[in-house]
Amino acid sequence: MSDHHPRRSYQDLLQHYTSCALCPRQCHANRLAGETGYCGQSMRLRAARAALHMWEEPCISGAAGSGTVFFSGCNLRCIYCQNHDIALGQTGKEISVGRLAEIFLKLQQKGAANINLVTPTHYLPTIAYALEQARLGGLSLPVVYNCGGYESVDALRMLEGLVDIYLPDLKYVSEELSARYSHAEDYFPKARLALAEMFRQVGKLMFYEPAAPSRPSGRAPAAVYPPDTPLLRRGMIVRHLVLPGHVGDSKKVLHYLRDTFGNHIYVSVMCQYTPLHLVADIPELSRRVTPAEYQRVVDYCLRLGMENVYIQEGDVAQESYIPPFDLSGL
Ligand code: SF4
């Protein structure tokens, strides 16, 4: 959708992999030479699935589904990760940058609402190049950058004019929680800078039609996955997964978002946390979020006057929401 597509040399972009500082981990691994850093991936592009995906927020999925590419590896690898096979890089097929551009175009042909890049951080220069090539080949859909929020501002600047919708997580404010669960003590200070850069690039929410989603009335937010939500064309949606026993930190996250971005972004507050076998010996993470805990977080959004909030209803905490990473579409 963006009309600014600077041409960059692939060789120039590859230089970012020689001493990798693409995310705040700053591993300085020579990924071009096959070394790997915390994310576990060399510069060889690997993905686990490319398909239409219905399980995003409705203004992203639309009626046809979001054209989602799930990349292998992750720079966070949270201990409770819901997609751990792919995050640990255990699932994936190597693809060329040219093939990735073809996949974007194929998803467009299939009627995708957008191109949705999931866990793209550690491949950012390659993805930027593939997007430029796909644009030249006729890609006209909005591009969604769907990440964990632990990003480098310098790396994000490579995406200016290529990404239309940022869909980052904001997982924690607490240093202690981010260190314990995501091995990233500096998660919040880095994520707040990253979110500021994302918002600078894409600005306020812009929908295809009508101009804005319905507003909440009374106690219940109106933006409870309304079926008539128009598709998002540009802007930022910040996701927050409520964790069992940590309502207090969820409130700090929401307070920060409300104070910083007002009602110019969407916030998606998720209750779908599912304890998988990896956390079996971590007592506080071995249960789901209770309805009462989730309601306290939702009520807090209302008290803050947040207007653009997605909340989840019903029993969404099921493993069936994790897509099959079966290499389809690659
Ligand atoms: S992208 Fe990977 S190798 Fe590069 S700094 Fe981040 S975790 Fe380290």
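**Before you click.** This is a predicted model, in which local features need pLDDT of at least 70, side-chain atom pairs count only at pLDDT 80 or more, and totals for chains, interfaces and linings use all residues. Residues are numbered from 1 along each chain as its sequence is written, and side-chain values use heavy atoms, with hydrogens and water left out.

**The whole chain.** Start with the cartoon: there are ten helices and ten strands. Helices (H or I, at least four residues) and strands (E, at least two) are DSSP runs, numbered from the N terminus. Of the 330 residues in the chain, 56% are buried. Buried means under 20% relative accessible area, exposed means over 50%, and partly exposed is in between (1.4 Å probe, protein chains only). Among the contacts with a separation of 6 or more, 77% are between residues 24 or more positions apart; a contact means heavy atoms within 4.5 Å.

**The core.** Next, select Tyr80, Phe104, Leu170 and Leu257, which touch the most other members of the largest nonpolar core, a set of 89 residues. Such a core is a set of buried Ala, Val, Leu, Ile, Met, Phe, Trp, Tyr and Cys residues joined through side-chain atoms within 4.5 Å. There is also a second, separate core of eleven residues, including Leu167, Phe207, Ile237 and Tyr310.

Now show what Leu257 touches: beyond its neighbours within four places in sequence, the contacts are Leu170, Leu195, Val238, Gly262, Ile265 and Val267.

**Ile265 and Phe261.** Hop to Ile265, in the loop between α9 and β9 (266-270). Ile265 counts as buried because its relative accessible area is 2%. Leaving out neighbours within four places in sequence, Ile265 contacts Phe199, Leu205, Met236, Val238, Leu257 and Asn308. Draw a C-alpha distance from Ile265 to Tyr166 and you get 10.0 Å, across 99 residues of chain.

Phe261 sits in helix α9 (residues 247-261). At a relative accessible area of 4%, Phe261 is buried too.

**The ligand.** Which residues are around the ligand? Select Cys20, Leu22, Cys23, Arg25, Gln26, Cys27, Arg31, Gly37, Tyr38, Cys39 and His122 to see them.

**Pro230.** Zoom to the loop between β7 (206-207) and β8 (232-241), where you'll find Pro230. Pro230 is buried, at 7% relative accessible area.

**Two positive phi angles.** Last stops. Thr119, in the loop between β4 (115-118) and α5 (124-136), has a phi near 55°, a positive value in a residue other than glycine. Thr119 is partly exposed, at 22% relative accessibility. Leu327, in the segment after β10 (309-311), has a positive phi as well, near 65°. With 35% relative accessibility, Leu327 also counts as partly exposed.

Key
A residue is near a molecule or strand if one of its heavy atoms lies within 4 Å of it.
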